[in-house]
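Subject: Structure for your review

Dear colleague,

Please find below the structure that I am handing over to you.

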Amino acid sequence: MRLSRIIMALTVGLAVVAVPTAAGAAQPQPTPSATTDPPQPPPYPPTTASLTVNRPTIYLGETVVLTGTNFGPNETVDITVTVTPFAAPAGGAAPARRSDGSTVAMAPVAYQASAPLHFTAYTDGQGRFTKHYKPSVTGLLTFTATGRESGRTASTELRVLHKKQPLPVTGDSLGTPMKLGGGLVGAGAVMLLLTLAWRRRQRFGGAAL
């Protein structure tokens, strides 16, 4: 009788110990893939930004339009301007020429009161912006734009030349004014002679009467 009670107690104890073990085995175990976060894509997919000017060469005092594309959407873009003065050509070297064949004076320039060399632009939802800029110095201007959030960068160049000078007055252009002035002087001399003749006639005519 005592032996049967001991056997029953051992059986109940083993059953109590086995229940938590079975319950733990019944629970699903997390897989390794569920505990590892998937790689996050970059906030901006890799692409190439661009920066252009509507005119590659202008004269001092004119305005250009900068256009940036493929930057981050709705972000601030920092733009810096680097000015390189035109260098005088070396002895015997031909001066620089424009596309129409005319030459460009490549003399060192004195800086005037400068336009901003650092400013910002703001892109739209497609990562595009436009900005007007009026240079106040001559030379080769390099614009570099960098998006603050995307980190994308692009650059472009602009040549700023001195204002066009008025053409010098030549002999051909002086011909017409000189001819006109000579004609007026001749007409004045004829009128003076006629006046003197009329006065003389009046004087002598009055004396005869």
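The notes below cover confidence, strand pairing, the nonpolar core and the aromatic pairs.

Please bear in mind that this is a predicted model. The mean pLDDT over the chain is 75, and 52% of the residues reach a score of at least 70. Two stretches call for caution. Residues 90–94 stay under 50 in pLDDT, and the model gives them 0 contacts beyond four places in sequence. Residues 105–113 also stay under 50, but here the model has 20 contacts beyond four places in sequence. Where pLDDT is low, the predicted coordinates should not be read in detail.

As to strand pairing, S7 and S8 run antiparallel and are joined by 8 bridges. Within this pairing, Thr144 stands opposite Ser155 of S8. Tyr59 has Leu161 in S8 as its bridge partner.

The largest nonpolar core holds 23 residues, of which Ile79, Phe129, Tyr133, Leu141 and Phe143 touch the most other members. At least two residues of this core come from each of strand S1 (50–53), S3, S4, strand S5 (118–122), S6, S7 and strand S8 (153–161).

The structure holds 3 aromatic pairs. One of them is formed by Phe71 and Phe129, whose rings are tilted at 55° between the planes and lie 5.6 Å apart, centre to centre. This pair links distant parts of the chain: Phe71 sits in the loop between strand S3 (64–69) and strand S4 (76–84), while Phe129 belongs to strand S6 (residues 129–133), 58 residues apart. Phe71 has a relative accessibility of 2% and therefore counts as buried. Phe129 is likewise buried, because its relative accessible area is 3%.

Another pair consists of Tyr133 and Phe143, in an edge-to-face arrangement with 5.3 Å centre to centre and 85° between the planes. Tyr133 lies in strand S6 and Phe143 in strand S7 (residues 139–147), 10 residues apart. With a relative accessible area of 5%, Tyr133 is buried. Phe143 counts as buried too, at 0% relative accessibility. Ring pairs also bring Phe119 together with Tyr133 and Phe143 in a cluster.

Which residues does Phe143 touch, not counting residues up to four places away in sequence? They are Leu51, Leu66, Ile79, Thr80, Val81, Tyr133, Ala154, Ser155, Thr156 and Leu158.

Lastly, I draw your attention to Thr67, which lies in strand S3. Is Thr67 buried or exposed? Thr67 is buried, because its relative accessible area is 17%, and the cut-off for burial is under 20%. Apart from neighbours within four places in sequence, Thr67 is in contact with Ser50, Leu51, Thr52, Arg128, Phe129 and Thr130. Phe129, one of these contacts, is also the ring partner of Phe71.

With kind regards

How values were computed:
Residues numbered from 1 in each chain as written. Predicted model: local features only at pLDDT ≥ 70, side-chain atom pairs only at ≥ 80, totals over all residues. Heavy atoms only, no water. Phe/Tyr/Trp six-rings, centres within 6.5 Å; stacked < 30°, edge-to-face > 60°. Helix = DSSP H or I, 4+ residues; strand = E, 2+ residues; numbered from the N terminus. Buried < 20%, exposed > 50% of the residue type's maximum accessible area, 1.4 Å probe, protein only. pLDDT = per-residue confidence, 0-100. Contact = heavy atoms within 4.5 Å. Core = buried A, V, L, I, M, F, W, Y, C linked by side-chain atoms within 4.5 Å. Pairing = 2+ DSSP bridges.
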